[in-house]
Amino acid sequence: MPVSPPATPWLRRFHPAGPDAVRLFVFPHAGGNASFYFPFSARLAPRAEVLVVQYPGRQERFHEPCVEDLHELADTVAAEIAESAEEPFALFGHSMGATLAFEVGSRLHAAGARPRALFVSGRRAPSVPAPGSVHLASDEKLIADMKLLGGTDLRMLENAELLAAILPAVRSDYVATETYRYRGAPPLDCPVTAFIGDVDPRVDAPMARAWATHTTGEFALHVLGGGHFFLVPHLDAVVETVATTLMTADDRNLFTRN
């Protein structure tokens, strides 16, 4: 099966998948881009059809203005991917992307396109406040916070030209993340699986367990060794958990296409 580009610039497909594969929408972290999740897609193919959301202001969308409001971004993404949200589909997001995946999933669910699973990584539940002011700080303090969290090649942070290119998108995402306020929404009815690092400075186990209140379905929490970007060294473990969860749902006939 050839790898064809999705019809919208909001989605990137890196690998082909089997005809009965579950469609998995992936939402990058703050400052992240679709290419970061190429290895994630490679490991899941062909078991899942991975479609990674590409935010404005990065890579081929570099010249487009960033969106600094997560609710506005969720409205836009939900509308853009609605035609691609054919059941069965699932959602995965890391950090800021976890909150966005939830908000998009809530909008799709309200419109009648019900996600069959939600995977949230490195992020507290939407109902747990996460105020912050790093987006108001100097570039130096913003860069220091990026170094604290990891996930960005240090060579990029030490290159003035590259920094000038990426910092606007990073700051915009910090604005979106730190000014986000949960507005309340009916709980989803799908399983929710959360992943966190055991020394993540942004989220601990109680904050992650609060995701259980956002679904009437099953909830599971996986704590892995590492900080905010535990996802990188534990990618295989995360992928296998995602794949197993999807296959388990398939065994229960939850993921049978009509």
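Q: Where does Ser106 sit?
A: Ser106 is in helix α3; helices here are DSSP runs (H or I, at least four residues), numbered from the N terminus. This is a predicted model, where local features need pLDDT of at least 70, side-chain atom pairs count only at pLDDT 80 or more, and totals for chains, interfaces and linings use all residues. Residues are numbered from 1 along each chain as its sequence is written, and side-chain values use heavy atoms, leaving out hydrogens and water.

Q: Is Ser106 buried or exposed?
A: Buried, with a relative accessible area of 12%. Buried means under 20%, exposed over 50%, and partly exposed in between (1.4 Å probe, protein chains only).

Q: And what does Ser106 touch?
A: Ala185 and Leu188, not counting residues up to four places away in sequence. Contact means heavy atoms within 4.5 Å.

Q: OK, at what angle do α2 and α3 pack?
A: About 55°, with the axes of α2 (residues 70-81) and α3 (residues 96-110) 9 Å apart. Axes are lines fitted to C-alpha atoms, for helices over the stretch in contact, and angles run from 0 to 180 degrees between N-to-C directions.

Q: What about α4 and α6?
A: Helix α4 (residues 139-149) and helix α6 (residues 160-178) pack at about 80°, with axes 11 Å apart. So α4 is roughly perpendicular to α6 (65 to 115 degrees; under 35 is roughly parallel, over 145 roughly antiparallel, the rest oblique).

Q: Which residues of α4 make that contact?
A: Asp139, Leu142, Ile143, Asp145, Met146 and Leu149. On the α6 side, the residues include Leu163 and Tyr174.

Technical notes: Helix = DSSP H or I, 4+ residues; strand = E, 2+ residues; numbered from the N terminus.
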